[in-house]
Amino acid sequence: MEFLQGQSVETTVAVAVAVVAVAAGAGFILLRSKKPKGCLDAENFKEFKLVQKNQISHNVAKFKFALPTPTSVLGLPIGQHISCRGQDATGEEVIKPYTPTTLDSDIGYFELVIKMYPQGRMSHHFREMKVGDYMSVKGPKGRFKYQPGQVRAFGMIAGGSGITPMFQVTRAILENPNDSTNVHLIYANVTYDDILLQEELDTLAKNYPDRFKIYYVLNQPPTVWDGGVGFVSKDMIQSHCPAPAADIQILRCGPPPMNKAMAAHLDDIGYTKEMQFQF
């Protein structure tokens with residue numbers, strides 16, 4: 001009888017230890033999988049410090065802003081944007097939307113690649129910014145919501161600085177090992193020097209040759225050029241974007257005249273409204 005009682009006590013202790021171990025393991029997994037809280041506020045502007053400014057060309061610069069801690073994340077859903085507040089040349093307040101080129105996998109900071117136009121009101125603010133200055137930011141904003149695998153493939157048509165949301169979505173897709181979505185991008189500009197994020201785009205195309213295709217189009221190409229010439233045409237879309245189907249979507253972002261022309265092309269080719277999204 002004493003032997004049986006000893007067995008019972010040992011069994012009880014073993015079960016208790018096992019339960020504690022399982023609970024501890026579950027707690028560890030929960031902590032590991034818990035997504036960090038983002039730094040953005042959709043209702044109120046928050047201040048972020050400019051820690052680096054790299055001039056890429058005469059009118060394009062990359063701005064790096066620090067988050068509150070080295071482990072903080074911005075908390076911006078894929079395909080959405082932020083509102084930046086500044087002052088124009090007359091001192092009046094101006095607010096404009098921008099899409100960071102970084103993801104939440106880039107912890108402790110976020111980056112904006114900004115093309116600064118001579119008469120642009122917010123361009124003036126960015127042009128005047130110095131390291132140590134603060135930018136007022138609010139967000140997230142936007143209607144686009146992305147879930148891995150929601151479509152088989154994306155076709156993307158971007159013009160000028162409209163590349164930034166496309167780059168953000170493309171990066172998120174290709175760098176996610178659980179996402180098999182293919183991306184076909186047509187990127188249009190006036191001149192070769194106007195192409196934004198070219199090095200980053202070409203690196204993605206090189207690293208993911210089976211899943212990411214990019215076709216550059218220039219209105220004023222250099223003498224030696226193997227991309228498209230002129231404006232984006234229906235033929236270019238049919239050649240470089242997935243054909244109309246229930247499991248594909250075409251995204252577009254560019255100047256208003258381009259967006260209008262692309263919408264007409266897509267309608268003519270047979271893409272339904274459900275297959276199209278404009279940033």
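This report walks through the fold of one protein chain, from its overall make-up to some of its individual residues.

## The model and its overall make-up

The structure is a predicted model, in which local features need pLDDT of at least 70 and side-chain atom pairs count only at pLDDT 80 or more, while totals for chains, interfaces and linings use all residues. Residues are numbered from 1 along each chain as its sequence is written, and side-chain values use heavy atoms, with hydrogens and water left out.

The protein chain contains six helices and twelve strands, where helices (H or I, at least four residues) and strands (E, at least two) are DSSP runs numbered from the N terminus. Of its 279 residues, 43% are buried; here buried means under 20% relative accessible area, exposed means over 50%, and partly exposed lies in between, with a 1.4 Å probe and protein chains only. Among contacts (heavy atoms within 4.5 Å) with a separation of 6 or more, 72% are between residues 24 or more positions apart.

## The open sheet

Strands of a sheet pair through backbone hydrogen bonds, either parallel or antiparallel. In this model six strands form an open sheet in the order 10-9-8-7-11-12, with parallel pairing; two strands pair if DSSP finds at least two bridges between them. Strand 10 (228-229) and strand 12 (276-278) stand at the edges, and because each has a single partner strand, one side of each is left without a neighbour in the sheet.

Within this sheet, strand 8 and strand 9 run parallel and are joined by seven bridges, and H184 stands opposite K213 in strand 9.

Which residues of helix 4 are buried? In helix 4 (residues 198-207), the buried residues are Q198, L201, L204 and A205. Seen down the axis of helix 4, these residues fall within an arc of 130°, so they line one face of the helix; the arc is that of the directions from the helix axis to the C-beta atoms. An α-helix has 3.6 residues a turn, so residues three or four places apart point the same way. The buried residues of helix 4 pack against helix 3 (163-174), strand 8 and strand 9, whereas the face turned away from the buried side carries the exposed residues E199 and K206.

The loop between strand 8 and helix 4 holds L197, which is buried, with a relative accessible area of 10%. Most residues other than glycine have a negative phi, and most peptide bonds are trans. The phi of L197, however, is near 60°, a positive value in a residue other than glycine, and the peptide bond from G139 to P140 is cis, with omega near 0°. P140 is found in strand 6 (residues 134-141).

## Aromatic rings and charges

Rings of Phe, Tyr and Trp (its six-membered ring) pair if their centres lie within 6.5 Å, and planes under 30 degrees apart count as stacked, over 60 as edge-to-face and the rest as tilted. By this rule there are eleven aromatic pairs. The rings of Y98 and F126 have centres 5.2 Å apart and planes at 80°, so this pair is edge-to-face. The pair links distant parts of the chain, with Y98 in strand 4 (residues 93-98) and F126 in helix 2 (residues 121-128), 28 residues apart, and both Y98 and F126 are buried. The rings of Y187 and Y216 have centres 6.3 Å apart and planes at 50°, so this pair is tilted. It joins Y187 in strand 8 (residues 182-189) to Y216 in strand 9 (residues 212-218), 29 residues apart. Ring pairs also link F144, Y146, F154, F277 and F279 into a cluster.

Two charged side chains lie over rings, where NZ of Lys or CZ of Arg must be within 6 Å of the ring centre and within 35 degrees of the ring normal. The charged end of K64 sits over the ring of Y109, 4.4 Å from its centre, and R85 lies over the face of F45, at 4.2 Å from the ring centre.

H125 is found in helix 2 and counts as buried at 18% relative accessibility. Leaving aside its neighbours within four places in sequence, H125 is in contact with R85, G86, Q87 and M135.

The structure holds zero disulfides, a disulfide being a pair of cysteine sulfur atoms within 2.5 Å. C39 counts as buried at 7% relative accessibility, and C253 is buried with a relative accessible area of 14%.
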